[in-house]
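Walk through this structure, starting from one residue and widening out to the whole chain.

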Amino acid sequence: MVILESVCQSLRRSLDSGRSQAQGTREKNGVPMPSDSGGAMAINLKINGMQRSVPAEPDTPLLYVLRNDLELNGAKFGCGLAQCGACTVLVDGRQVRSCITEVGSIGESEVTTIEGLGTVEKPHPLQQAFMDEEAAQCGYCINGMVMAAKDLLDRNPRPTEQDVREGLASNLCRCGTHGRIIRAVLRAAQSIGKT
Ligand code: FES
Ligand code: FES
């Protein structure tokens, strides 16, 4: 599993790097960098319960700010086109694709990333359930899956399997661990229901 994870990460890095080079953009920390930061202004954000300020142009994708400026690397750069869900975070409790969310649109809203959900010592029930079900193969999609599942369970604490299938349908997993992911979300729902 460790080998697979490392292979997948290398593939992803090389794909992203190739895409950036093809587009003539620089890259930092796995996501493209704007070619010119001349229009940057201080943008204040509430993230994981903390107030943060970053210099950024308002139309910069939230994902770039999270990863490049705030070192919150849980949200991943997958497609950059709102089509895979790897970059999913919560804004005021609702899932958004941070790759297409302009940081200037956040305003006073609260952003929650996977780093704000739980800790190694005290994982969120969803994180615990994903570990218990061994839902990750390469792991690239998993943080986005967990954040999408958090939104789902907050709206529907007792989902059926079909609810989970539909709720996570637009989050893609190239490794095909969907069965384990669905079981993990149902397990988390049970666990949360008991607490
Ligand atoms: S990277 Fe945002 S949806 Fe794929
Ligand atoms: S576990 Fe590899 S993409 Fe989902």
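Begin with a pair of side chains: those of Thr113 and Glu115 make a polar contact at 2.6 Å. A polar contact is a pair of N or O atoms within 3.5 Å; within protein, one atom must be able to donate a hydrogen and the other to accept it, and residues adjacent in sequence count only if both atoms are side-chain atoms. The side chain of Thr113 also makes a polar contact with the side chain of Asn48, at 2.9 Å.

This is a predicted model: local features need pLDDT of at least 70, side-chain atom pairs count only at pLDDT 80 or more, and totals for chains, interfaces and linings use all residues. Side-chain values use heavy atoms, with hydrogens and water left out, and residues are numbered from 1 along each chain as its sequence is written.

Where does Thr113 sit between strand E7 and helix H3? Thr113 is in the loop that runs from strand E7 (110-112) to helix H3 (125-132). Helices (H or I, at least four residues) and strands (E, at least two) are DSSP runs, numbered from the N terminus.

Is Thr113 buried or exposed? Thr113 counts as buried because its relative accessibility is 1%; the cut-off for buried is under 20% relative accessible area, with a 1.4 Å probe and protein chains only. Beyond its neighbours within four places in sequence, Thr113 contacts Ile47, Asn48, Leu66, Leu72, Val89 and Met147. Contact means heavy atoms within 4.5 Å.

Now the whole protein. It has six helices and seven strands. Their order along the sequence is α-β-β-β-β-α-β-β-β-α-α-α-α. Of its 195 residues, 43% count as buried.

Note on methods: Chains lettered and ligands numbered in written order. Buried < 20%, exposed > 50% of the residue type's maximum accessible area, 1.4 Å probe, protein only.
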